[in-house]
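Please consult the sequence and the coordinates alongside the text.

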Amino acid sequence: MFKTKPSEMIYAVPTKKGLGVEIWGTRDDLEYLYEIISKFWNDESFYHIKGYEDKNKLISSFSYEIRKASYGSRLTKDHSHYSIEEIPYVGFKISWPHIVFSIIALRYNMRMVDGNKADIAMFLHLEYWIELAMENYDSAGTKKLLPYLNGAVNAGNEYLYLFMRHINASFFEMNGGKNSYRKLADLMRVSIYSSEENNDLLIFLQSEAKKYNCKIEDLELSDDDKIYEIEW
């Protein structure tokens, strides 16, 4: 059971198998979140900054799910998890690595844009519910994972999207459950600046870029779609 009174805005609950969270709200709630997030990516005036387009890919995939959910194309309920009052709610599922990296990328990009208190409040609200969903799924795994949400990830990484995809694929291969969740922090070590895991992945990406005669940021990880065909 959740330990706090729910907000009237967006909220999050862990998925049953612990692969991530379900983010819920009314259509207006998700449209508002989408509108705020839109301020912090895909700004042509920042395209010259190395790594900016990489973060665009990361935030774009998160933003896409919000938009699709607001149309009712993902999850739907005729009431929230906390009320029997019939108010349509819409939502979507997103993995732990994806939501953690999305928040990190948004937080990083906020330094380049003049946000307002409403923007900051929305992000804090979202972070609060993600952390609460983590804690309510498994406190032991969350204790090891929270440092990555709170600064351990190298947010300035020029290849943040590729790193997320790499971690995400490895995490999904574990098939969910609390044991997998508790191992996620180990997978996340690759995102720590100059860690052995970080350096190994960079060397691999450099070799792949050389092999295909392209830039690292142009690489596409060839995920096996079958690993995503499991229960959330």
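## Basis of the description

The structure is a predicted model, in which local features need pLDDT of at least 70 and side-chain atom pairs count only at pLDDT 80 or more, while totals for chains, interfaces and linings use all residues. Residues are numbered from 1 along each chain as its sequence is written, and side-chain values use heavy atoms, with hydrogens and water left out.

## Overall architecture

The protein contains 8 helices and 4 strands.

The C-alpha trace spans about 60 × 45 × 30 Å along its principal axes. For 232 residues, a compact globule would have a radius of gyration near 17 Å, and the 18 Å of the protein agrees with this. That radius is taken over C-alpha atoms, and the globule rule is 2.2 Å times the number of residues to the power 0.38.

Of the 232 residues, 45% count as buried. Buried means under 20% relative accessible area, exposed means over 50%, and partly exposed lies in between, with a 1.4 Å probe and protein chains only. Contact means heavy atoms within 4.5 Å. Among contacts with a separation of 6 or more, 71% are accounted for by residues 24 or more positions apart.

## Packing of helices α2 and α6

Two packed helices are described by the angle between their axes and the distance between the axes. Helix α2 (residues 52-70) packs against helix α6 (residues 160-172) at an angle of about 50 degrees, and their axes are 7 Å apart. That angle makes α2 oblique to α6. Axes are lines fitted to C-alpha atoms, for helices over the stretch in contact, and angles run from 0 to 180 degrees between N-to-C directions. Angles under 35 degrees count as roughly parallel, over 145 as roughly antiparallel, 65 to 115 as roughly perpendicular, and the rest as oblique.

On the α2 side, the contact is made by D54, K55, K57, L58 and S61, and on the α6 side by L160, Y161, L162 and M164. The residues of this contact divide into 5 nonpolar, 1 polar and 3 charged. In this division Ala, Val, Leu, Ile, Met, Phe, Trp, Tyr, Cys and Pro count as nonpolar, Asp, Glu, Lys and Arg as charged, and the others, Gly among them, as polar.

## Salt bridges

A salt bridge is a side-chain nitrogen of Lys or Arg within 4 Å of a carboxyl oxygen of Asp or Glu. By this rule the count comes to 9 salt bridges. One of them joins the side chains of E231 and K17, at 3.7 Å from N to O. E231 lies in the segment after α8 (196-211) and K17 in the loop between β1 (11-14) and β2 (20-25), so the pair ties together parts that are 214 residues apart in sequence. E231 is exposed, at 58% relative accessible area, and K17 is partly exposed, at 36%.

The side chains of R107 and E127 also meet in a salt bridge, at 3.1 Å from N to O. This pair links distant parts of the chain, with R107 in helix α3 (residues 96-109) and E127 in helix α4 (residues 117-137), 20 residues apart. R107 is partly exposed at 30% relative accessibility, whereas E127 is buried at 14%.

A further salt bridge is formed by the side chains of D138 and R182, at 2.7 Å from N to O. D138 lies in the loop between α4 and α5 (139-152) and R182 in helix α7 (residues 178-187), so parts 44 residues apart in sequence are tied together. D138 is buried at 5% relative accessibility, and R182 is partly exposed at 34%.

## Selected loop residues

R189 is placed in the loop between α7 and α8 and is partly exposed, with a relative accessible area of 34%. Not counting residues up to four places away in sequence, R189 touches Y148, S195 and E197. The C-alpha atoms of R189 and D200 are separated by 11 Å, the two residues being 11 residues apart along the chain.

N42, although not a glycine, has a positive phi of about 60 degrees. N42 is found in the loop between α1 (27-37) and α2 and is partly exposed at 44% relative accessible area. N175, likewise a residue other than glycine, has a positive phi near 70 degrees. The position of N175 is in the loop between α6 and α7, and N175 counts as partly exposed at 48% relative accessibility.

Note on methods
Helix = DSSP H or I, 4+ residues; strand = E, 2+ residues; numbered from the N terminus.
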